[in-house]
Amino acid sequence: MPGAYLPVLIYAVLVIAFPAVTLILAKYIRPTSTSYGAKLKPYECGIAPEGGSRGRYSVRFYIIAMLFVIFDVETMFLIPWAILYRGWVAAHTGLFALVSMFVFLGILLVGYVWLYKKGALEWA
Amino acid sequence: MQAVTQGTIEFLKLYWAPLLCGVVIVAFLPLIVGYVVLVERKLMADMQARLGPMRVGPHGLLQPIADAVKLLIKEDIIPEDADKLVFWLAPVLSVGAALLSLAGIAIGPAFQIAKDINIGILFVVGVSAMGIFGIVLGGWASNSHYSLMGALRSAAQLVSYETAAGMALVSGLLFAGTLNITSIVEAQRQQGIWFGLLAPVAFFTYLVASIAETNRAPFDLPEAESELVAGYMTEFSGFRWSLYFLAEYTNMIVVASVATTLFLGGWLRPFPRTQWLNFLDFLPPLLMVAIGLYCLVRVPKQPARVQQFFMVAVAGLCFFLALVLAVPVLVPVVNPSLAAGVKPLYEGIHGSFWFLFKVSAYLYFFMWLRFTLPRYRFDQLMRLGWHFLIPLSIINVLVIGIAMIVGTYLHLEGWWLLLATLPASIIALLIALFILAAEQKSGQQQAGGAASDSYAG
């Protein structure tokens with residue numbers, strides 16, 4: 001039912017417009033900025049900033065992001081199963097549904113244990 | 001021209017309720033958030049044996065408005081190395097995602113913008129997670145080390161706890177069998193029990209994960225002031241900063257609403273199907289009367305005339321609310337023939353009361369934790385997420401599934417289903433704790449050799 005999403009669309013426009021319009025309006029309320037020099041530099045506790053900030057950072061962030069994709073897709077696959085599961089249990093076919101999910105989660109758990117042994121889940 | 005006017009009227013006829021809800025939310029949410037902040041400051045002051053804001057207005061009640069005006073007229077500083085467009089866009093994105101996710105939340109059976117969307121809770125979770133783009137882009141655009149670090153931490157943290165939160169939601173959805181918000185609450189009415197009681201481990205997991213997702217203490221590492229100045233918000237000032245602030249508190253309200261809907265029975269009163277507990281319907285008006293009376297008792301102890309006047313005003317407001325809450329429950333007692341007519345009124349008024357009451361309790365718990373617990377270290381945070389909460393939530397889904405099958409074979413329903421799910425929850429918790437204990441044992445053997453990495457996060 002695409003009609004159900006029309007209010008959401010209208011509300012989305014409203015919600016994006018609210019901060020954008022207030023940001024533009026605030027420009028006319030506040031005094032114009034006369035800042036120059038060190039005030040416009042990135043804050044680094046008073047000393048002159050050392051180099052640009054867009055350098056390299058720890059590889060662990062990338063690993064976490066990759067792991068997230070795997071586990072979140074798993075959650076997404078679980079949700080349709082979860083909302084149908086109640087009906088299956090009531091129809092006494094729940095055991096089959098549960099075993100299939102056990103197999104799916106089992107494969108993922110093997111992967112989890114492997115990651116664990118490799119130390120991918122360790123941070124420091 | 002005629003056609004356009006006709007079309008507009010048709011459109012307004014169909015969608016006046018969601019439009020009104022939207023305008024009301026956008027107009028009042030900043031105010032509500034301001035007062036949530038005031039309540040938080042007052043609570044913090046109370047727990048630390050001081051008074052908190054007292055100067056602006058009686059008991060500091062005009063403080064949020066003063067703060068808002070100050071932030072609005074503050075000088076706007078954009079660092080010269082910043083990416084101007086992204087710097088402008090990031091807070092808007094953050095606030096937009098947070099406010100948009102409110103569209104799926106139902107305060108009562110009638111008050112919801114996206115009433116008929118059948119993916120209700122998935123919509124809320126998905127859209128509110130989009131707010132992370134605002135944080136990451138804002139941190140990247142400021143071109144400051146602290147901001148970038150805060151943004152990265154925030155992303156890693158959200159990503160780590162999103163899985164645990166999603167799994168916890170799955171455990172709740174097993175009982176609901178639907179994603180639609182209204183149907184989830186109706187399922188809890190039918191079964192006569194909150195899903196938070198049937199799946200306590202899932203509720204606990206969601207509680208912890210939602211604190212981490214909204215970057216609240218003790219998991220507020222992205223804005224850890226002792227390490228990162230203000231994290232991703234370091235370079236933002238004035239109104240842009242207040243947009244981030246608004247987004248953070250709106251996100252808190254969103255996660256509290258999701259938890260209330262799925263685990264705490266939404267707009268239902270406690271024990272929604274137990275007939276002999278129907279007197280619980282008189283609790284809300286009596287509570288309001290009690291608060292009003294307490295305010296009246298405190299009047300003579302107020303030092304200033306304006307504060308005395310103010311306390312009387314609060315008491316009056318409480319009595320008025322008590323009257324509003326009492327009408328739908330008293331009318332059927334006085335005249336039973338009107339009971340059917342008052343039913344929607346009861347659902348609306350008492351529904352919103354219970355919903356807001358539960359959300360406030362959840363937020364109070366958030367604040368309480370913030371005042372009580374010290375901040376986690378980043379590797380501890382990651383360890384809690386990946387080593388404890390994710391296995392716990394996966395195991396919990398499986399044992400709840402088994403418990404449901406056992407429950408069907410033994411014909412357990414409603415509260416009796418607890419006989420199956422409570423042992424299952426305990427087993428899940430024991431397995432997770434066992435894993436944690438085994439890990440700590442092996443961790444102690446390894447400790448000592450590991451060099452610390454100051455750029456780790």
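Predicted model: local features only at pLDDT ≥ 70, side-chain atom pairs only at ≥ 80, totals over all residues.
Biologist: Start with chain A. How many helices and strands does chain A have?
Modeller: Chain A has 3 helices and 0 strands. From the N terminus on, the order is α-α-α.

Biologist: What is the radius of gyration of chain A, against that of a compact globule?
Modeller: Chain A has 26 Å. A compact globule of 124 residues would come out near 14 Å.

Biologist: And what box do its C-alpha atoms fill?
Modeller: Along the principal axes, the C-alpha atoms of chain A fill roughly 75 × 50 × 15 Å.

Biologist: What share of chain A counts as buried?
Modeller: 18% of the 124 residues of chain A.

Biologist: New topic. Which domains does the assignment give for chain B?
Modeller: Domain 1 covers 9–73, domain 2 covers 79–268 and domain 3 covers 275–372.

Biologist: What separates the centres of domain 1 and domain 3 of chain B?
Modeller: 20 Å, taken over C-alpha atoms. In chain B, 7 residues of domain 1 are in contact with 6 residues of domain 3. The domain 1 side of that contact has 5 nonpolar residues, 1 polar and 1 charged.

Biologist: Now helix 13 of chain B. Where does helix 13 bend?
Modeller: At Val327(B), by about 45°. A proline, Pro328(B), follows within four residues.

Biologist: What span should helix 13 of chain B have, and how far apart are its end C-alpha atoms?
Modeller: Helix 13 of chain B has 30 residues, 305–334, so at 1.5 Å a residue it should span 44 Å. Its end C-alpha atoms are 41 Å apart, which agrees.

Biologist: Which residues of helix 13 of chain B are buried?
Modeller: Met311(B), Ala315(B), Cys318(B), Leu325(B), Pro328(B) and Val329(B). Pro328(B), then, is buried and also the proline that follows the bend.

Biologist: What do those buried residues pack against?
Modeller: Helix 12 (283–298) and helix 14 (339–372) of chain B.

Conventions
Residues numbered from 1 in each chain as written. Chains lettered and ligands numbered in written order. Helix = DSSP H or I, 4+ residues; strand = E, 2+ residues; numbered from the N terminus. Rg over C-alpha atoms; globule rule 2.2 N^0.38 Å. Buried ≥ 20, exposed ≤ 12 C-beta atoms within 10 Å, placed from the backbone. Domains from an automatic or database assignment. Contact = placed C-beta atoms within 7 Å. Nonpolar A, V, L, I, M, F, W, Y, C, P; charged D, E, K, R; others polar. Expected span 1.5 Å × (residues − 1). Bend = angle between axes of the 7 residues up to and from the residue.
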